[in-house]
Structure formats: structure tokens, C-alpha cells
Amino acid sequence: MQIRIIAIGRMKRGPETDHLDRYVTRARQQGRAVGFTQVDVDDLVEGRADATSTRKDDEAQRLLTAVHDDALLIALDERGTTISSKAFADILGEARDDGVRSVAFVIGGPDGLADAIRHRAQRTISFGKMALPHGLVRVVLAEQIYRAITILAGHPYHRE
């Protein structure tokens, strides 16, 4: 199964990018053994429209175009459900076991996600009520993907 992080905005080189690269590389290396064939990050350019709603709609269209039609779409949004790392691993494991070919995690721009994303998403997850920089959200998501892979592999990285 392929895992994709699709996000609005480009990250600049620095510590966040280094951490993102580290966890994506680890997920790619460990994921193959438990059925995750690919882990990728796709950055999309922020919308340029003056009106917030127009900008969010434009970003939503580009996000939805980047998501495969048959993908399990999981939106990251502060209004989503908070879950444990184990529950996150269960979501990925169940998708894999059900024959889902692709899981796409989408992260909106500074203005958040348009309703079109929320309506298309099968799940909406939150990393908490605090606002986080979008680059940091990518790092936390990549780490949780890696952690989920290690949980599914029975690796001792995750401790309860």
C-alpha cells in the first residue's frame, strides 16, 4: 500500500525538513516488510487569491486532483478526532488488510481546509486543539506513520 502526505505550502530547508526526511526514510525502509510499498511527501503551492474562501477552494481542487480516486483520504484538521498512536496504526493496518492501494493524508494551507476536502475525506484526524505550523504537522505525521509501521511490525520503538 502506498502512503502519501499531500500538503499545501513548501517547506524551507532546516531542522523541520531534516526531521521530515528522517522519518519518511525510516518509514520507507521499515514499511516494505509490513506491506507499505511507498511513503511520499508532495508539496503543493499555496493559493494566491485575495479572498480566503477562493484561496481555500483553489487549494482544495489541487489537493483533490493529487489524490488518487480510490485512495483512502484522511484530512488533518484541528476539528478532527484525536486518536492514539495505536489507533492510528490500526487505521493503516486495516486499510492495508482491506486491500486499499493508497492512503492520502492531506494538510491544508494557513487558512485550513475547504469543505470539499472534509466531504471527500473518509476520516478527519487532529493532533490537538493547538494551532501548529504546517511544517511541524508534516513532521509529526511522518513520525506517526513510522511509529504505526513499527507497531504493526511488532518493533519495540513504541512503548505503552
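Mentor: The structure, which is a predicted model, holds two aromatic pairs. One of them is formed by Tyr 23 and Tyr 146, and this pair is tilted, at 6.2 Å centre to centre with 40° between the planes.

Trainee: Which helices do Tyr 23 and Tyr 146 lie in?

Mentor: Tyr 23 belongs to helix H1, and Tyr 146 to helix H5 (residues 134–153), so the pair ties together parts that are 123 residues apart in sequence.

Trainee: And are Tyr 23 and Tyr 146 buried or exposed?

Mentor: Both Tyr 23 and Tyr 146 are buried.

Trainee: Turning to the sheet, in what order do the strands come?

Mentor: The order is S2-S1-S4-S3-S5, in an open sheet of five strands with parallel pairing. Strand S2 (38–44) and S5 are the edge strands, each pairing on one side only. On average, neighbouring strands of this sheet are turned by 25° against each other, direction ignored.

Trainee: How many bridges join S3 to S4?

Mentor: Five bridges join S3 to strand S4 (residues 102–107), and the two run parallel. Within this pairing, Leu 76 stands opposite Ile 107, and Leu 73 has Ala 104 as its bridge partner in S4. Between S3 and S4 the chain passes through helix H3 (residues 85–97), and this β-α-β crossover is right-handed.

Trainee: What about S3 and S5?

Mentor: S3 pairs with strand S5 (residues 123–125) over four bridges, also in the parallel sense. There, Ile 74 has Arg 123 as its bridge partner in S5.

Trainee: Why is S3 described as largely enclosed?

Mentor: Seven of the 10 residues of strand S3 (residues 72–81) are buried, so the rest of the structure largely encloses this strand.

Trainee: Which helix lies across S1, S2, S3 and S4?

Mentor: Helix H2 (residues 52–66) lies across those strands, and runs at about 165° to strand S1 (2–8).

Trainee: One last topic: where is Thr 17 found?

Mentor: Thr 17 is found in helix H1 (residues 15–31).

Trainee: Why does Thr 17 count as buried?

Mentor: Thr 17 counts as buried because its relative accessibility is 7%, and the cut-off for buried is under 20%.

Trainee: What does the side chain of Thr 17 reach?

Mentor: The side chain of Thr 17 reaches the backbone oxygen of Lys 12 at 2.6 Å. Leaving aside residues up to four places away in sequence, Thr 17 touches Met 11 and Lys 12.

Conventions
Residues numbered from 1 in each chain as written. Predicted model: local features only at pLDDT ≥ 70, side-chain atom pairs only at ≥ 80, totals over all residues. Heavy atoms only, no water. Buried < 20%, exposed > 50% of the residue type's maximum accessible area, 1.4 Å probe, protein only. Polar contact = N/O pair within 3.5 Å; in protein donor to acceptor, adjacent residues only side chain to side chain. Contact = heavy atoms within 4.5 Å. Pairing = 2+ DSSP bridges. Right-handed = clockwise from strand over helix to strand, strands pointing away. Phe/Tyr/Trp six-rings, centres within 6.5 Å; stacked < 30°, edge-to-face > 60°. Axes fitted to C-alpha atoms, helices over the stretch in contact; angles between N-to-C directions.
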